[in-house]
Amino acid sequence: MGLSFSPEYRIPSPFIDRLRHHNLSEHGRRHKMEIDPSLLLLLSNLLQLQTYLDPTSDPTSPSPPPSLSSPSSFPLLFFALASAISSSLLSTSSPSPSPSPSPSLIPNSLSPLSSDPIYSLDPATRDARFRSLFGLSFSLFNSLLNSLLPHSPFPLHIPPDRALSLALSRLSRGVSSRLLSRTVSLPPSLISRCTHSVTRLLSTTLYSQFVKPLPPSSSSSSSRYTPLPNLIGSIISSPVRLRLAAPDSTLLSPNRPFPSVLLQAVADHRRVFIDACVRAPGSVDPASHLRESSLYQRASSGKLLTEPIVNLHGQKIRPYLAGDSSFPLLPFLLTPFSSSPASSSASHPSYETFDTALIKYRAESIEPAIALLKGRWKILRNLNVGLDHAAQTIMACVVLHNMCQLAKEPEDDGKYLWRDPPETLQPAYSLDSEWSMYNVAESVREALAEDLYDR
């Protein structure tokens, strides 16, 4: 089918640079609370200096200690004050023992997860518990762990299954490192490191393994879900909300009251993503985001979505995606007639038939795929990571979603589906450089509409 997708995520550096002073990462904040070894050296030097300047302060000296009124007492007072500060820092940065540990996690959070009582539950109960805590079943958790282990993404001093459980807890429950640290009695900085390590590997090494299109021989399987021939998937631009105290204007859009970045995603009839891209802040429209993606660059140059070819009443039709009015009409991306100002679906019954089929396919593919993605991985409802980790986290959740879909994880409508607030679509228009492609796309759409109406 000529399909070959690759991971694509990047928030342009100017947007990151303008926000760095607003978005000190959790990792950085936590390290500020950890004692620096250089502080310990400083305290040791102060003690030696005290002994050198005032030999009477040496604990081995038979002389009595100096009084507080003695000038020699000031270094000692300074040392005592520094020691108190050091003790305070240590008590702040070190997790205090939890008097009543959460029943969902074992008391010693640095022990292997396999020693948790959850492993002794019956299989059905254990799977339900794993889905509640980590977003996927017990068997899928172990499969993911085995895929990650050869790449050693975890901190050396924490068991790999425990590190993975911490990362998945954040992604599936949407909690911050600071909030999760209160439950598991571990430093927030360690939880952030585990999360970033897992999401980095998911969004890079494992992406090509789990985010890929159907082989050409399987493309005909979509005919069971739509009467439109050679339709292989649908595309959407979905905003991902960012939790930022003072967002940059480039992350804001008139259509939504919160800062965001855009996820451009393509899903097929299995509700599995076959392409994903995060390259734009929330102020960018979906059409511009599309034109920046490798999907557009490769498809418009004939390197993607080229076969098989379907001949329909003399019109050659390449594989194509179903879009909405926020995307331009292209040979590889067809939009409803109702989204074109020059068309009137009311006066052309064939147009209305085509629009109905296209919209129905989107409602059964990309729309529930996004709903499941944000339903299972709640962190995408209000992304609480730094902007420099936002795209990586989103793409990691896309990979996890596909793992769940391919493993036939439950799609509980009441529990896993999440619907974003409706937005007014921004109609897309073709650029001057796209007019030749637009004319071809119009002919393709007309042929499909006529064929569907005749049937």
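Helix α7 (residues 160-173) and α9 approach within 8 Å along their axes and cross at roughly 85°. That makes α7 roughly perpendicular to α9, since angles of 65 to 115 degrees count as such, those under 35 as roughly parallel, those over 145 as roughly antiparallel and the rest as oblique. The axes are lines fitted to C-alpha atoms, for helices over the stretch in contact, and angles run from 0 to 180 degrees between N-to-C directions. Helices (H or I, at least four residues) and strands (E, at least two) are DSSP runs, numbered from the N terminus.

This is a predicted model, in which local features need pLDDT of at least 70 and side-chain atom pairs count only at pLDDT 80 or more, while totals for chains, interfaces and linings use all residues. Residues are numbered from 1 along each chain as its sequence is written, and side-chain values use heavy atoms, with hydrogens and water left out.

**Helix contacts**

From α7, the residues A163, L164, L166, A167, R170 and L171 meet I191, S192, C194, T195, V198 and T199 of α9. Contact here means heavy atoms within 4.5 Å.

Helix α9 (residues 188-203) also meets α8 (residues 177-184): their axes come within 8 Å and cross at roughly 115°. That makes α8 roughly perpendicular to α9. On the α8 side the contact uses S177, R178, L180, S181 and V184, and on the α9 side P188, I191 and S192.

Between these two helices, in the loop joining α8 and α9, lies S185. S185 has a positive phi of about 55°, although it is not a glycine.

Helix α13 (residues 349-364) packs with α14 at an angle of about 20°, their axes 3 Å apart. That makes α13 roughly parallel to α14. R362, A363 and E364 of α13 touch I366, E367 and P368 of α14.

The table sorts each contact by residue class. Ala, Val, Leu, Ile, Met, Phe, Trp, Tyr, Cys and Pro count as nonpolar, Asp, Glu, Lys and Arg as charged, and the others, Gly among them, as polar.

| Contact | Residues by class |
|---|---|
| α7 with α9 | eight nonpolar, three polar and one charged residues |
| α8 with α9 | four nonpolar, three polar and one charged residues |
| α13 with α14 | three nonpolar, no polar and three charged residues |

**The largest pocket**

The largest pocket has a volume of about 530 Å³. A pocket is an open set of points on a 1 Å grid over the protein atoms alone, where a 1.4 Å probe fits, with protein on both sides within 12 Å along at least five of seven lines; lining residues have an atom within 4 Å of a point. Grid points are joined across faces, edges and corners, and the volume is the space filled by probe spheres set on the points.

The lining has 25 residues, with I236, S237, P239, E423 and L425 nearest the centre of the pocket. Two elements give two or more residues each: β2 (231-241) and α14 (366-376). The largest share, four residues, comes from β2. By class, the lining divides into 11 nonpolar, six polar and eight charged residues.

**A cis bond**

The peptide bond from E307 to P308 is cis, with omega near 5°. P308 sits in the loop between α12 (294-300) and β5 (310-312).
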